[in-house]
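Subject: Structure handover and what turned up in it

Hello,

Here is the structure I promised to pass on to you.

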Amino acid sequence: MLLALGVAAGLTPITAAAVNVSPLNCAGPNACDIVSVYTTIFWVAMAVLVIVGGLIVFAALRFRRRDDREPSQIHGNTRLEIVWTAVPLLIVSFLFLRTTLRMDYVRNGPPPQQTIQVTGIQWAWSFKYPNGKTGNSRLVIPVRQVVQLHVTSKDVLHSFWVPRLGGQVYAIPGQMNHGWIEASQPGTYLGQCNELCGLGHYAMSLEVDAVSSADYQAYLSGKGLPGGGQPVADKVSGVTAVVHVNETDALKFEPASSTAKVGDVIQWTNAGTALHNVTFSNQQVPSSDTQNGGDKFELKFSKPGTYSYLCTFHEAAGMRGTITVTGG
């Protein structure tokens, strides 16, 4: 009874009230194929456990010692030896074939409809889309389309893993690995770097937003963010900035707090050599692409308020800032 309850609890999907990252509650064909192989192996293992465990219990009770007389000695049984050699061989061969026949599908998948480059960096993820657009930590994909991922790392070993969409793909410096994901339904799917990659490993989370094809194209063109509502700020370029913020190699925004008026242009400049970005907690504010040394990012706000932002690459170092917009 306890075993059955444990198995049922392990296979029951997480309730909707919880953050659902269980790979058993798959949301795409890649992840579901992995679950199918896992389920087969699990139930075969349970059958072996019950049969072998039952035989051990039976032998212990049936042939337990009752007195001090030496039991009769039996040496060798050809039929038994053939059985306990052949049965495990058949089981292992079946599991080997069951796994091997699905490896190519899980690794390579169907022909891709989108190809996105993924780069792991201490401690964030950078994404490069087919049209050259880049993003950080939040990956947007079109629903019901095969998305091939080219995965690498800028510094140390990382691992890209969104459990409900597919298996993990190692991000190795100097090496380009590949995998694929596909979301069967729109939604937000969470993941995490699955390698201990340094002190900021805990902050290296992933968010994959599966949206309609129209929303995906709008995101690529910069016309809007899926689920973000109407923008309260717009990206600009070639306009004289009123407020200047530097991103430094000391992993700080200088100044960390700034004030501007509605219509003023605020400019963030990477004044060092480390990679940075500007990512707002409010999705109605556009975030920057990855910024190399000397790159600039400019916004003009159309609505007053206090907006907080951070560098996702250095979130663990506390690289955060705020901009207070008045007037309007």
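The notes below cover a surface patch, a pocket and some salt bridges.

This is a predicted model, in which local features need pLDDT of at least 70 and side-chain atom pairs count only at pLDDT 80 or more, while totals for chains, interfaces and linings use all residues. Residues are numbered from 1 along each chain as its sequence is written, and side-chain values use heavy atoms, with hydrogens and water left out.

Let's begin on the surface. Val-48, Ile-51, Val-52, Leu-55 and Ile-56 make up a nonpolar patch with about 450 Å² of accessible area together. Patch members have over 30% relative accessible area and no salt bridge; like charges are joined within 9 Å, and nonpolar side chains (Val, Leu, Ile, Met, Phe, Trp, Tyr) within 5 Å. The areas come from the Shrake-Rupley method with a 1.4 Å probe, and for residues only the protein chains shown count as cover. Ile-51 sits in helix H2 (residues 29-62); helices (H or I, at least four residues) and strands (E, at least two) are DSSP runs, numbered from the N terminus. Ile-51 counts as exposed because its relative accessibility is 54% (buried means under 20%, exposed over 50%, partly exposed in between, with a 1.4 Å probe and protein chains only).

Next comes the second largest pocket. Its lining has 15 residues, and Val-52, Leu-55, Phe-63, Leu-80 and Trp-84 are nearest its centre. H2 and helix H3 (78-108) are the elements that give two or more residues to this lining, and H3 supplies the largest share, seven residues. A pocket here is an open set of points on a 1 Å grid over the protein atoms alone, where a 1.4 Å probe fits, with protein on both sides within 12 Å along at least five of seven lines; lining residues have an atom within 4 Å of a point.

Finally, the structure holds five salt bridges, each a side-chain nitrogen of Lys or Arg within 4 Å of a carboxyl oxygen of Asp or Glu. One of them joins Asp-209 to Arg-138, with the closest N and O atoms 2.7 Å apart. This pair links distant parts of the chain, strand E10 and strand E4, 71 residues apart. Asp-209 and Arg-138 are both buried. Glu-207 also meets Arg-138, at 3.7 Å from N to O. Another salt bridge pairs Arg-320 with Glu-315 at 3.6 Å, N to O.

Best wishes
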